[in-house]
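Student: I'd like to zoom in on one spot of this model and then see how the parts around the rest of the chain are laid out. Could you take it slowly?

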Amino acid sequence: MTKQIFRIAPGFEEIMPEEYRELVTDGPYDRSVGVADLGTFKELLEEHPLCAGCGLALSLRLFLASLPAPADTVVVGSTGCSAIAFPQVGLHNIHGLFGNQNAIASGLKRALKLRFPDRPKDVVVVAGDGATADIGLEMVMHSWFRAENIATVMLDNEAYANTGGQESGMSPRGAVLNMAPTGKKFEKVAMPEIARESGCAYVAVTSPANARRFEKAIRRAILVARDVGPTYVQVFCPCPTNFKFRPDETLGVIRKREKEGVFQYREYITPEAQQYLAASEGEKR
C-alpha cells in the first residue's frame, strides 16, 4: 500500500490548502509516532467538519497517533459523525454502508492476507454507537463469532448525533434528546460483555480523557487482532451538541462520569492474548 491514494495530483499542489499539503508530507503515514508526539505531525485537518468540543474528534486524533503501523493499516468506517472526518486524514480508509462495516472488514482482511502473506496488514473498524450497537450489531457479532482477525473500535457518543439527536442503544437510561423527548427507557447495551462472550480476545473501555491509557488500548487491540483473534475497544466520547454542555466541558464530563462510576476504564484479556502481549510488549521494552 502506498501514499498514492491521497497524494495530490501533479499540477494541483499550489492550489490545494496548505493544511492538506501538510497532511500528505507531514502525516503519520510511514512514521512511528505515539500520542506523546501529537503536535509534531499532522494527523487530522484542524478545519475538520466536526463540532467544537466534539469528544469524537479528540478520540480520532488520539486513534491516528496510536496506530502501530499506519502504512499497513486500513480503517473501515460507517455512516455517522466519524465518517465526515475521515476524508480529512492521510490514511487508507473505506466508508461502508450503515452497519455493514464489520462484514467489509472481514472480507478485506482475508483478501489482504492472500495478497500480502508475509507482511501483516491491520484492518480496524471505527464506527459510532449506532452503526456498532444498533444497526450493525448482527454483522459486528458475527465477525466476532467467526473469529475474524479485525479490531473494532466503537466511538460511543451515546446518540445519533448528526441527524438531530435520536437516542441509540448506547444512550444512558433516562437521556432526553432533541428527538427523544420522553427519555430513554432502558440501560446502555452491554457491548463489552457481549464482545467478551462472543469471542473477542481483547476488550477495553476507555476515553480520550486519559491519552496514555487510550493509546495502550488501541495498540493492544490492533496487535492482538493481528495474530490472536477479534478485539473490541469502546471509547466514551460524549457529544456536547446533543447533550447540551459547553465545548470546553467535554473532558470534564468524562471525568465526572468516571468519578460517579457510570463510566469505568476496564480491560478483558484472554490468557492467549495475555501471553501474546507479554511477549510483544516485552520485545518493545
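Student: Where is Lys 244 found?

Tutor: Lys 244 is found in the loop between helix H8 (240-243) and helix H9 (250-260). Helices (H or I, at least four residues) and strands (E, at least two) are DSSP runs, numbered from the N terminus. One caution before we go on: this is a predicted model, where local features need pLDDT of at least 70, side-chain atom pairs count only at pLDDT 80 or more, and totals for chains, interfaces and linings use all residues. Residues are numbered from 1 along each chain as its sequence is written, and side-chain values use heavy atoms, with hydrogens and water left out.

Back to the spot you asked about. Lys 244 has a phi near 60 degrees, a positive value in a residue other than glycine. With a relative accessible area of 58%, Lys 244 is exposed. Here buried means under 20% relative accessible area, exposed over 50%, and partly exposed in between (1.4 Å probe, protein chains only).

Now look at Ala 147, in the loop between helix H5 (137-145) and strand E4 (151-156). Phi of Ala 147 is near 60 degrees too, again positive in a residue other than glycine. Its relative accessible area is 42%, so Ala 147 is partly exposed.

Lys 121 sits in the loop between helix H3 (101-115) and strand E3 (122-128). At a relative accessible area of 5%, Lys 121 is buried. The Lys 121 side chain makes a polar contact with the side chain of Asp 72, at 2.4 Å. A polar contact is a pair of N or O atoms within 3.5 Å; within protein, one must be able to donate a hydrogen and the other to accept it, and residues adjacent in sequence count only if both atoms are side-chain atoms.

Step into strand E3 and you find Ala 127, buried with a relative accessible area of 0%. Leaving aside neighbours within four places in sequence, Ala 127 is in contact (heavy atoms within 4.5 Å) with residues including Ser 78, Gln 101 and Val 153. The C-alpha atoms of Ala 127 and Ala 83 are 8.0 Å apart, although 44 residues separate the two along the chain.

Next, how do helices meet? Two packed helices are described by the angle between their axes and the distance between the axes. Axes are lines fitted to C-alpha atoms, for helices over the stretch in contact, with angles from 0 to 180 degrees between N-to-C directions. The axes of H3 and H5 come within 7 Å and cross at roughly 35 degrees. Gln 101, Asn 102, Ala 103 and Ser 106 in H3 meet Met 139, Val 140, Ser 143 and Trp 144 in H5. That contact divides into 4 nonpolar, 4 polar and no charged residues. For these classes, Ala, Val, Leu, Ile, Met, Phe, Trp, Tyr, Cys and Pro count as nonpolar, Asp, Glu, Lys and Arg as charged, and the others, Gly among them, as polar.

Finally, follow the chain to Val 228, in the loop between H7 and strand E6 (231-236). Not counting residues up to four places away in sequence, Val 228 touches Asn 149, Ala 201, Glu 272, Ala 273 and Tyr 276. Val 228 and Cys 200 are 28 residues apart along the chain, with their C-alpha atoms separated by 9.4 Å.
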